[in-house]
Amino acid sequence: MLAQFLQFLFSGATVGATYALAALGFTLIYNASNVINFAQGEFIMLGGMLAVFFAQSGLPLPAALVLAILIPAIVGIVVEKLAIEPVKGAETVTLIIITIGASLVIRGLTAVFLGKGTHSLPAFSGDTPIEILGATLMPQSLWVLGVTAVVVVVLWYFFNRTLTGKAMLATSYNSLAAELVGINTSKVLFMSFAMSAALGAVGGILVTPITLTSYDVGIMLGLKGFVAAVVGGLGNGLGAVVGGLLVGILESFGAGYLSSAYKDAIPFVLILLILFFMPRGLFGARVTDRV
Amino acid sequence: MQKRAYFGLYIVIAVLAVLPLVVPNSFYLDLAIRMAINAVIVLGLNLLIGFAGQISLGHAGFLGIGAYASAVLPTHFGWHPLLAMGAGAAITGLLAAVLARPIFKLKGQYLAMATLGLGIIINIAIRNEAAWTGGPDGMPVPAMGLMGFELTSDKHWYWVVALMLSVSVWASINLIDSPFGRALRALHGSEVASQVVGVDVVRYKVAIFVMSAVFASLMGSITAHYVGFVTPNLADFFHSIELVTMVVIGGMASVYGSLIGAVLLTALPQALATFEGWETVAFGAILMVCMIFMPKGLVPTLAAKFGKGD
Amino acid sequence: MALLDVNKLSIHFGGVKAVQEVSFSIDAGIVYAVIGPNGAGKTTLFNLITGVYKPTSGEIRLDGESIGGKSPNELATRGVARTFQNLQICMNMSAIENVMVGAHLRLDRNLLKAALRLPTLTRRDAEMRVEAAELMRFVGLEKYIEARADSMSYGALKRLEIARALAMKPRLIFLDEPAAGLNPKETIEVDDLIRKMADSGITVVLVEHDMKMVMNLSDRILVLDYGKKLAEGTGEEVRRNPDVIAAYLGAHA
């Protein structure tokens, strides 16, 4: 009973941590540009796939991982420079279609160059499960949770204690005012794309030993990351983390106790319910339109 | 405005009348039928997205309800196809109406999220209820018949959808230039201004959402009967995106843009089939390039270039 | 009985008390002005009375009926019209269509009839187009009858908003800074326009910074400061009120 509960909790939190990283990625880009980046899931996929590719091509694991984070970050910058910056201020739908176009290109190129097969990565610290009150916890889950926690702390420090981070935060509140006080908002924009792509890639790498990866896993992961970002209130960093964990854990409990066939539907039912009762998510600010 | 708009309608009717005489083979006739079906859906969706300014990323879900009503009800319950089609439209309309009230309290990105979620839930339900729907493999659909006459040949289907398309274009033009249509456009232009002149904005958003959902459902039924087979892909997220892309590439708030968008995006995958393996890359790249260089879509961009209003 | 009765009206945004316990009443047929320094709560007061914001407390009565918290579209059915300080023009429509939207409640809004282009609906719509063109002439926009809204100047758009409000055939109209940003010639024209509106029997409430215009036009004036009522009365009474003199000269001299 308790063991089963814990088991669902562990697996939910692990997946939830990936959603949280994806949601943070959405949040970063949304704050910098008001763009919902539907290519976010592809960065997760790219991280996992590249890690597999470099590891299999004989690079030592740490080098493979660094490259698997670096390359998606560069892809993120390219997407921003080529596709987002030229259409600043376009309508929401237009921006959504551009990012979906970008996601198709990334997915398509991955399929062409890395193949359509399903791949795995060896767990970082072996496969010996840790037993806790009858439930088992894989060491890789600890890696996922631990790294996510570190990322969250580093991001918090970055946004609250460094000048660059504060500049990015200021841009999200009021980009015109930020520009007037001398912040280079276009640099902020490409930094947020690079950071959010890297965050996605980190998540993708970490879960690959647990959930496997292939060229097409990005869509669902990205959409659930979007759900997580909205659950917490779009634009709210803490909300994104809480939202990610919440979505992951509820999905896991839903799949375990209710219906595993409807596992993928659970985040979307959740978000509809939340939006019906809290139109701006759990932590979203109430805004009053000025007229 | 009316006269010029109707001029376009006459051209559409003329093209539709001549087309079957000039298409070289059944491959192109099939393509034309699918273009026309998409065009009707996109006209409805453009009223919602382009004219009223409300995004939906879940319309393929409604299309799926129509398609599967036409597959499931006649197969498992022996319903007449027309009755099944009506039932699909009614279910869709009801679902859309019930959910639209809370959904349209939302704006922008939140609205995108809610409609996306709704579409995905419908798709997952279709995939999972395999006993009824055949699951991921899909299921065959009985032929559509009316008073002893079975609609089987592509020629017959062509005239049916050509008629539907002509009527839809006519009705859309009429609607846009009416008090109802102006209220829709006004709530897009300034929601608060439309409210203070008496427009009940939520009611209007709900009305146009339900109407476009019912259109999608009806055309889903038509697709099901025409193709003779349904799969859950009809209702998936990517199909929703394809429909929205047709609206935006053709031109938001442009009736003829909807037609152009539907024609181009229905033809594109065929044209790209020669790129073996690179179709997805090419499709994505074309979407991006179109949106970057013509963010307002083809028809409005060209209209502005040649100095005509819409 | 007064047409509009406002009693101890307040609204708070978080800790900010934007309007505090403001009471006044407006008789039918007069021109009533609301003045005060920037941030005094004038536009917020308009937003409260026209239903854009919901009051935190207090009461608003129109013809004796309580209307506090009713939505803007419900108020429109009761003959309340307004214009906006920051233009709210539908740039996706032509100029004349913007005016025709003002007549929304006077037309047949049926979806099906519109789609089928029933003659009863289109005939009425064609008549409305003629009426809208007349309204545009009335506010001095005859040049723009065929124009697109996004091709018009700021001053012209201000008057387009007034034409749209008039298309509602309102009893009570709220004008939020109708002369702001206009040149002296345009200001005089708007001045005339407001007088014409008042003469046609519409009760006019305006927020305006142009004191000459306010003193010229208004039968009564309400002075707000920091969300509170500072004074109320005729132009002469307000001008002599020591609190008003202190607020204006003290803060702005």
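## Two domains of chain C

The centres of domain 1 of chain C and domain 2 of chain C, taken over C-alpha atoms, are separated by 28 Å in this predicted model. Domain 1 of chain C covers 1-77 + 205-253 and domain 2 of chain C covers 80-169, with bounds that come from an automatic or database domain assignment.

Where the two domains meet, domain 1 of chain C gives six residues to the contact and domain 2 of chain C gives five residues; two residues are in contact if their C-beta atoms, placed from the backbone, lie within 7 Å. On the side of domain 1 of chain C that touches domain 2 of chain C, α1 (42-49) and α2 (72-77) of chain C each supply at least two residues, and α2(C) gives the most, with three residues. Helices here are DSSP runs of H or I with at least four residues, numbered from the N terminus.

By class, that side of domain 1 of chain C has three nonpolar, three polar and no charged residues, where Ala, Val, Leu, Ile, Met, Phe, Trp, Tyr, Cys and Pro count as nonpolar, Asp, Glu, Lys and Arg as charged, and the others, Gly among them, as polar.

## Where chains A and B meet

The contact between these chains takes 37 residues from chain A and 34 residues from chain B. On the side of chain B that touches chain A, α5 (108-128), α11 (237-250) and α13 (279-293) of chain B each supply at least two residues, while the largest share, 12 residues, comes from α5(B). This side of chain B divides into 25 nonpolar, eight polar and one charged residues.

## Reading the model

Residues are numbered from 1 along each chain as its sequence is written, and chains are lettered from A and ligands numbered from 1 in the order in which they are written. Because the model is predicted, local features need pLDDT of at least 70 and side-chain atom pairs count only at pLDDT 80 or more, whereas totals for chains, interfaces and linings use all residues.
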